[in-house]
Amino acid sequence: MTILLQGVNVSRGIAIGHAHLLQNDQIDVREYSIHSSHIDEEIQRLNDAIGDARQQLRAIRDHIPSSTSADIAAFIDTHLLMMEDIAITEEPKRIIKERLCNAEWALKLQRDAVVNVFEEMADAYLSTRRDDVNHVVNRILRVMLNQKPLAHEMPDDSLNGRIILAEDLTPADTVMMQHNGILAFATEFGGPTSHTAILARSLGIPAIVGIQNARKYIKNDDLIIIDGTNGIVLIDPDECIQSHYEKRQREDRRYINSLGRLKNTTTKTSDGISINLMANIELPSDFDTVRDVGASGVGLYRTEFLYMNREALPDEEEHFNTYMDVMKSLDGLPLTIRTLDLGADKQVDGITKNIGQQRTNPALGLRAVRLCLREPGLFRPQLRAIIRASAYGPIRIMIPMLTNLQEIQQVMTIIEEIQLELEKKEIGFDKDIQIGGMVEVPASAVCADIFAKKLDFLSIGTNDLIQYTMAIDRVNDEVNYLYDPFHPSVLRLIHMTINAGKKAKIPVAMCGEMAGDPNSTRLLLGLGLREFSVHSASLLEIKKIIIDSDVEEATRLAKRALKANNGVDVIELFRNSSD
Ligand code: PEP
Ligand code: MG
């Protein structure tokens, strides 16, 4: 009998193969007391283990195939850096001395403390760092406990053509999987914004995360099908199902291969409407991909990366140099820089200690522009660098999480002050630099007409807009099921925002994940969206759908979607019309 399990689709495509269950990364750590005369010995054990764990990671990094996405090397570098962090190298030593306990136990206690802090975070991206802490500490613990590195970290031909099923995966796991010719993977944990998800997309292999209890139903060597497009795992498929998926797999491959030729095609709908298709970037490894896929520019540059895994805040020069690097890669294409969007979680990296306090609802707390306005020391160097860089290429400033007009006014005042300072010092900048805002909370969507009068452009951040509209924490597994981009309330807010932009004659883009979801493209065109900003990996697929879409027809359907009873009806409406 075929069994179907549903998870979260994070990387498209279909894989058919035999399952390989990865061993649990559970490590049994016991506490024992040590005599004070053995403290130095215990500290030495910790130092040695960290050194060996770093060696292991470096060896993996050195063997990354040249075809591998640079994202993966970046993630391994992040783990290497974490192994230098005092939270890992020094804090356990303090615990050893204070508790007179063994090094493993001290490291475990420290890991639990750090993981707790991460779990409280509002920001989806940062909260997934909890997984990184676990992966890094477990590697060190395995060395201390004389456990072998995990089997799949070794080149192993037997994994060729297998589908990996695991509780969770580390970036190093994913690299080794590429060596080992793995077809796809599925994990029990992780969400759409987890590293595992990001890496799967970079590797271009089908992947599903968050399939709870998958290993209860799937045994080693079971024949399974991973439908990464729909987030479905089929266990023990019968012949009929198998041949259906084989056909879909062939069609899928043909389709992906055919997308490459669209790189230089203009993005126009079948009825001749021009669409601006931009890319979202974050890591330095993303910079070059923008031109590679023929994007018209960058609609969202997430700058949080500049603040991660470090002790000191980046200064104005570092910001400036980074923006100059991005512009060099873009070679004249427009760049939209989103100002810092950290949450109430900022003390974690040790760079913004003592700013704000941990509150019960961090997602509703001091984050993004709220934090920036409260902490000019954080905000001004970034703004100054952006404004200076604007002398060298087309740059726009984008403000995240706007809630009211006063925030816009305050940001404008700071920008004007900086411009005056620069003028006095005869430092060049673009006097007409465009300033836009993200529509990410229902308040700003409902009042988009008011905001539109003060801003040069708007960009809809659906990841947050959906979280706040549905009143669900986007990183909370228990309420993930309510995260519904097609809910009529979300569609109405998007529609209101687009209309407000039209009325004020300013462009409205969308840069949240919804813009890169092929199931949403026609709906968004029908709602009036004419600017999309999506991850480079999805750009050509979205372009293809746009080129094949008829806006008149999409508009007619979108009108009905706005009156639909629920999100399922909206999906059906568009699915039926494409048959
Ligand atoms: C969004 O909220 O849709 C968005 C693009 O911002 P982030 O995902 O970085 O919060
Ligand atoms: Mg956001």
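This is a predicted model: local features need pLDDT of at least 70, side-chain atom pairs count only at pLDDT 80 or more; totals for chains, interfaces and linings use all residues.
Let's start at the metal: the magnesium ion (ligand 2) has Glu440 (OE) and Asp464 (OD) as its protein donors, lying 2.0 Å from it. Donors here are N, O and S atoms within 2.8 Å of the metal (3.2 Å for Na, K and Ca), and water is not among the atoms, so sites may look incomplete. Glu440 sits in the loop between strand 13 (434-439) and helix 17 (442-446) and Asp464 in helix 19, so the pair ties together parts that are 24 residues apart in sequence. Helices (H or I, at least four residues) and strands (E, at least two) are DSSP runs, numbered from the N terminus.

Residues are numbered from 1 along each chain as its sequence is written, chains are lettered from A and ligands numbered from 1 in the order in which they are written, and side-chain values use heavy atoms, with hydrogens and water left out.

Now turn to ligand 1. Of the 13 residues around ligand 1, those that come nearest are Arg302, Arg338, Glu440, Gly461 and Asn463; a residue counts as near if one of its heavy atoms lies within 4 Å. Arg338 places a polar side-chain atom 2.9 Å from an oxygen atom of ligand 1, while a backbone N or O atom of Thr462 lies 3.1 Å from an oxygen atom of the ligand. Helix 19 gives the most to this shell, with three residues.

Methods. A polar contact is a pair of N or O atoms within 3.5 Å; within protein, one must be able to donate a hydrogen and the other to accept it, and residues adjacent in sequence count only if both atoms are side-chain atoms.
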